[in-house]
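Let's walk through this model together, beginning with a single pair of side chains and widening the view from there.

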Amino acid sequence: MTPVEIEALRLSLKVAIWAVGVSLPFGVLVAWLLARKEFPGKLLLDGIVHLPLVVPPVAVGYLLLVVLGRNGAVGGWLYDWFGITLIFTWKGAAVAAGVMAFPLMVRAIRLSLEAVDERLETAARTLGASPRRVFLGITLPLIAPGILAGVVLAFARSLGEFGATITFVSNIPGETRTLPLALYSVMQTPGGEDAAVRLVLISIALALAAIFASEIIARRLTARLTGKKPGPSK
Amino acid sequence: MSLIEFEAERRFDDLTVHGSFEAEGGVTALFGASGAGKTTLINMLAGLERPDTGRIVVGGVVLFDSKSGINLAPERRRLGYVFQEDRLFPHFSVGRNLAYGTKGKNPSTQPVDMGVVTKLLGLEHLLDRRPATLSGGEKQRVAIGRALLANPAILLMDEPMAALDATRRAEILPFLEQMREQLDIPIVYVSHNVDEVLRLADTMVVIGGGETKASGPVADILSRIDLRQWTGIHDAGAVITATVGDQADDGLTALKFNGGALQVAGLRLTPGRQVRLRIHARDVSLALEKPNKISVLNVFPGEILEVNQTDGAQADVRVNIGGTSWPVPIWAQVTKRSAADLGLAPGTHVFALIKAVAVDREDVGPGPTTGHS
């Protein structure tokens with residue numbers, strides 16, 4: 001691989017890992033709220049969480065620019081108090097990727113939460129366990145496969161993020177030029193076909209590696225949850 | 001003050017469940033047809049459903065009081081709960097399932113420990129297994145052990161055998177009987193099965209249409225036919241207490257009660273033991289004169305106490321086959337025609353005929369335990 005490709009690959013991985021890592025606790029919290037709680041504004045929260053799935057990514061990028069830019073309400077506050085700049089930095093790229101991937105993560109975790117037999121949690125309460133102990137010891141292990149699925153989906157989505165990223169943090173080599181943006185750049189360059197093919201192959205290899213890894217972990221998790229030996233997938 | 005003082009109401013769209021009963025130690029059965037509100041009552045006791053109004057006290061601890069706004073969380077009520085389904089944690093081994101409720105408790109202060117429970121319920125060889133690999137009966141035994149090990153003040157059981165087939169049920173019942181005899185833990189047992197109640201319970205609360213219809217000692221309640229529409233026991237019967245005599249060479253066992261001895265066939269019972277047995281009304285015939293040259297072994301002289309005409313062609317006749325000072329009332333089911341032909345009326349002296357083979361194992365339960373009221 002050329003230094004440019006390695007740079008884009010490393011940047012993509014960094015952005016995706018941070019995007020998924022930081023949004024995971026929030027993803028579990030929001031999934032839990034949506035799956036288990038009734039509260040005013042639940043429909044609104046549900047809608048906002050799903051928005052990135054249905055509006056054009058460029059529109060999300062624009063909104064991030066407005067809110068998180070140096071002059072934006074949140075962006076200005078972040079800069080004044082913590083000295084954090086998101087715009088035109090890899091951190092901003094991670095935010096854009098995290099926001100775009102968030103609905104996929106929440107959906108996967110929410111589905112697994114809804115599949116958990118709440119009667120097991122009730123039983124744990126009657127055995128003297130506090131709600132916190134029930135969540136950590138019973139609920140969380142039981143939704144581990146769902147969390148894994150959400151993480152993999154969000155990771156893949158983050159790796160492929162393009163529209164919101166380029167709108168929010170632009171296309172700066174070494175800072176915000178992830179694999180999709182690098183691919184876009186070489187395609188804009190005359191004679192860049194070979195480089196484009198190589199970047200496409202790298203993207204495919206990365207995605208396959210993520211899928212295989214998650215499949216292996218999922219089988220181990222299922223085996224651990226049910227006590228059955230891992231068998232061939234159905 | 002009773003161990004359990006229960007007075008609570010919860011309103012649903014189509015039913016209001018109102019429970020009102022007191023219970024002491026031993027086994028208290030909440031008995032009634034499906035949909036009568038039994039599970040709602042036990043859930044209110046456990047803190048899984050919140051009553052609209054009422055007051056629930058167990059062992060002097062107020063668990064719920066709508067007036068003072070007390071509503072203890074389920075985990076603070078110290079009530080073990082065995083559900084209809086086993087509800088074992090699939091990601092834990094049997095051993096970890098059993099230990100789940102012991103966390104944070106000092107093992108030396110526990111009345112029952114892992115050793116006692118695994119031995120009592122026959123779980124020693126299952127500890128490393130996962131719930132998915134157990135049979136239905138084994139799972140339910142683990143669930144019972146898990147609830148016991150949480151050291152509850154009372155053990156609640158909501159039809160713990162409802163999800164099991166007859167074979168598994170027969171496998172669990174002896175464990176429950178042993179638990180009842182060996183552990184000094186009060187049990188509230190929800191059931192709609194009269195055989196289970198007879199074999200396990202001391203006290204019985206009849207629930208019908210969301211209301212508490214009656215409560216009292218099992219023998220008294222099961223002998224009442226006015227509760228029939230609530231208990232759903234259409235084969236009326238009486239429960240009498242007897243002492244097991246020696247088994248004769250021909251396989252018959254005498255069950256002695258005030259007024260005589262009932263010969264029963266083919267039951268393996270420990271001599272000297274007190275038992276309760278249910279005599280079905282349909283197994284009892286009546287005669288005005290003492291019959292001779294008849295195959296029926298059990299013929300008891302008695303006096304008719306009451307005659308109940310039913311809607312159908314039958315009449316239920318209550319006969320005292322004990323003495324006047326120690327009455328032993330049993331029910332006989334006869335046709336209205338026979339009742340009229342024989343002129344059966346209160347005060348009539350009759351002979352009650354009971355076939356020895358009519359009483360089977362399902363009709364016999366342990367006698368009243370000593371120490372319980």
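**Where the chains meet**

A:Arg119 forms a salt bridge with B:Glu85, and their closest N and O atoms are 3.6 Å apart; the term stands for a side-chain nitrogen of Lys or Arg within 4 Å of a carboxyl oxygen of Asp or Glu. Between chain A and chain B the count is two salt bridges. On the side of chain A that touches chain B, the elements giving two or more residues are helix H6 (118-126), helix H7 (131-160) and helix H10 (193-226), where helices are DSSP runs (H or I, at least four residues), and strands likewise (E, at least two), numbered from the N terminus.

This is a predicted model: local features need pLDDT of at least 70, side-chain atom pairs count only at pLDDT 80 or more, and totals for chains, interfaces and linings use all residues. Residues are numbered from 1 along each chain as its sequence is written, chains are lettered from A, and side-chain values use heavy atoms, without hydrogens and water.

How wide is the meeting? The contact (heavy atoms within 4.5 Å) takes 24 residues from chain A and 22 residues from chain B. The buried area, meaning the accessible area (1.4 Å probe) that two parts lose on being put together, summed over both, is about 2,000 Å², with 63% from carbon and sulfur atoms. In chain A, A:Thr126, A:Leu127 and A:Arg133 lose the most area to chain B, together 34% of what that side buries.

Finally, backbone angles. A:Phe88 has a positive phi of about 65 degrees although it is not a glycine, and is found in the loop between helix H4 (73-82) and helix H5 (90-115) of chain A.
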